[in-house]
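Subject: A structure for you to look at

Hi there,

Here is the structure I promised to pass on. Please open it next to this email and follow along as you read.

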Amino acid sequence: MAALLLKRLTLRTIKTENTCIRRCLGKYVVQKTALAEPSHIASAPRRSCLIHAKAFSTEDTQDKREKKKKNETAFRNVGRKINERIIQVLDEKGNDLGPMHRANVIRLMAEQDLRLVPRDPGAEPPRYQLMTGTQIYQERLRRRGMERAEPKPGPTLTKELTFSSNIGQHDLDTKSKQIQQWIEKKYKVQITIKKGKNTEEPENKMEEICNQILQTMPGIATFSSRPQPIRGGKAVTCVLRPLSQKEENACRSAQGTPRGDALNRENGNHGASNALHQ
């Protein structure tokens, strides 16, 4: 009996040692194989170990939220997807029907073949209106026309014009018309006037030409940068810009008052350009 137990113990010990030796040899063989293989093969992950993770970005999440918020406030037919239990309802003529349960609203839509559009989802309770398909189509056309009519803000471009102070009156009138066309298209115009070869001309002649050009555009333009000498006094530059809507309104008001007309006659300049000179 004792001999049998001793034999079993010996076999178990040998089996345990073989298992340990096999594990150690396995690790050694794996390390040798990794060193022998090229770096791009050894570093390549196994297919079974690949984990596919979806990229996450706070900007994408914010864009989705803004898009969802825009869709919620847009003019659209919500159909039967009414999230609120009680809503304020207006009929197709704009009459207030008072608070209604969404089940009653859906039944009313089915009976009269109407659609439901949000008017003020942020109100308490949210306000919706029942409309026909034709009314929704016309309202969308109206809003689309309003969006197209709104001016789109953009960068203000600057045109440049350079000529001599010896310019003739006919050429000056032509250039003034060109400047006026640019101003009407909402451009800024930078004017540079070089001193002519005639040394007997007045010192302020170049500034007078700038003022003369501005006087040909009353109620349209004003100085963005007043005439100032450059190149050691050999030239004068100024910048004209179109009037803003507020300045145009003020200009019209000034032109309608006798006092403004009197001041114009005293100064020898147009009231609009004189009042708006910077």
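First, some ground rules. This is a predicted model, in which local features need pLDDT of at least 70 and side-chain atom pairs count only at pLDDT 80 or more, while totals for chains, interfaces and linings use all residues. Residues are numbered from 1 along each chain as its sequence is written, and side-chain values use heavy atoms, with hydrogens and water left out.

**Overall**

The protein has ten helices and eight strands; these are DSSP runs numbered from the N terminus, with helices being H or I of at least four residues and strands E of at least two. Of its 278 residues, 25% count as buried, where buried means under 20% relative accessible area with a 1.4 Å probe, protein chains only.

**The sheet**

Look for the open sheet of four strands, in the order β5-β6-β8-β7 with mixed pairing. (Two strands pair if DSSP finds at least two bridges between them.) Since β5 and β7 stand at the edges with a single partner strand each, one side of each has no neighbour in the sheet. From one strand to the next, the twist averages 15°. β5 and β6 run parallel and are joined by seven bridges. Within this part of the model, threonine 158 stands opposite lysine 188 in β6.

**The cores**

Which residues touch the most other members of the largest nonpolar core? They are Phe163, Ile179, Ile191, Ile213 and Leu240, in a core of 21 residues. A nonpolar core here is a set of buried Ala, Val, Leu, Ile, Met, Phe, Trp, Tyr and Cys residues joined through side-chain atoms within 4.5 Å. Elements giving two or more residues to this core include β5 (158-164), α6 (169-184) and α7 (205-215), and α7 provides the largest share, five residues. A second, separate core has twelve residues, among them Val89, Leu108, Leu114 and Tyr128.

Happy exploring!

Notes:
Buried means under 20% relative accessible area, exposed over 50%, partly exposed in between (1.4 Å probe, protein chains only). Axes are lines fitted to C-alpha atoms, for helices over the stretch in contact, and angles run from 0 to 180 degrees between N-to-C directions.
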